[in-house]
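I opened my notebook to write down, entry by entry, what I looked up in this structure.

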Amino acid sequence: MAAPLSFVLNGKPVTVQSPGDRMLVWVLRDELGLTGTKVGCEAGLCGACTVLVDFEPVPSCATPVADVAGKSVLTIEGLAVDGRLDPVQKAFQDHHAFQCGYCTSGMILAAWSLLRTKPRATRAEILAHMEGNLCRCGAHVRILDAIEAAGQVLGGAR
Ligand code: FES
Ligand code: FES
């Protein structure tokens with residue numbers, strides 16, 4: 001059996017017995033039951049599986065679970081507080097910034113990581129930051145609108 005591996009998941013300590021080279025997304029989905037993190041390309045190219053590790057976006061399909069030992073992992077399940085949507089989630093909802101929703105968890109977490117330190121990010125900065133997150137449904141414009149709107153809530157009007 002693999003050696004235990006501990007990290008903080010959505011604010012709570014967890015320990016898993018996964019092989020260290022198992023990709024984080026499968027540990028989250030199959031072992032910890034958090035299926036909000038989606039799997040698209042499985043090659044680190046589409047952003048669907050984005051989670052935050054120590055507040056930085058990473059593709060969980062290409063991140064061995066051993067790499068997050070002792071770190072803090074935030075998934076989409078960790079954003080709402082007491083059933084209240086986070087402002088970024090709320091802005092996505094208000095702007096209908098999705099169709100099928102498959103890219104949405106990764107989009108929201110990537111956006112959240114930017115707005116956390118830079119709520120007044122410009123449209124160009126948002127675009128550059130979101131480059132690794134693809135939406136096959138073509139909701140990109142509404143996604144950018146939602147991120148800008150969330151920034152206004154978090155950082156005050158521009
Ligand atoms: S599924 Fe991980 S980047 Fe596409
Ligand atoms: S809403 Fe379908 S991939 Fe983005």
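How accessible is Asp-145, and does that make this residue buried, partly exposed or exposed? I found a relative accessibility of 29%, so Asp-145 counts as partly exposed, given that buried means under 20% relative accessible area, exposed over 50%, and partly exposed in between, with a 1.4 Å probe and protein chains only.

Before going on, I noted that this is a predicted model, in which local features need pLDDT of at least 70 and side-chain atom pairs count only at pLDDT 80 or more, while totals for chains, interfaces and linings use all residues. I also noted that residues are numbered from 1 along each chain as its sequence is written, that chains are lettered from A and ligands numbered from 1 in the order in which they are written, and that side-chain values use heavy atoms, with hydrogens and water left out.

**Salt bridges**

I counted six salt bridges, a salt bridge being a side-chain nitrogen of Lys or Arg within 4 Å of a carboxyl oxygen of Asp or Glu. In one of them, the side chain of Asp-145 meets that of Arg-123, at 2.9 Å from N to O. Because Arg-123 lies in helix H4 (residues 123–129) and Asp-145 in helix H5 (residues 140–155), the pair ties together parts that are 22 residues apart in sequence; helices (H or I, at least four residues) and strands (E, at least two) are DSSP runs, numbered from the N terminus.

I then looked at Lys-90 and Asp-94, whose side chains also form a salt bridge, again at 2.9 Å from N to O. These two residues are four apart in helix H2 (residues 87–94), which means that about one helical turn separates them.

**Helix H1**

I listed Leu-24, Val-25, Val-27 and Leu-28 as the buried residues of helix H1 (residues 24–31). They pack against strands S1 (5–9), S2 (12–16), S3 (50–53) and S5 (72–74), where contact means heavy atoms within 4.5 Å.

**Ser-113**

Where does Ser-113 lie? I located Ser-113 in helix H3 (residues 104–117), and with a relative accessible area of 7% this residue is buried. Leaving aside neighbours within four places in sequence, I found Ser-113 in contact with Leu-52, Phe-55, Pro-57 and His-129.

**Cysteines**

I found zero disulfides, a disulfide being a pair of cysteine sulfur atoms within 2.5 Å. Cys-46 is buried at 14% relative accessibility, and Cys-49 is buried at 3%.
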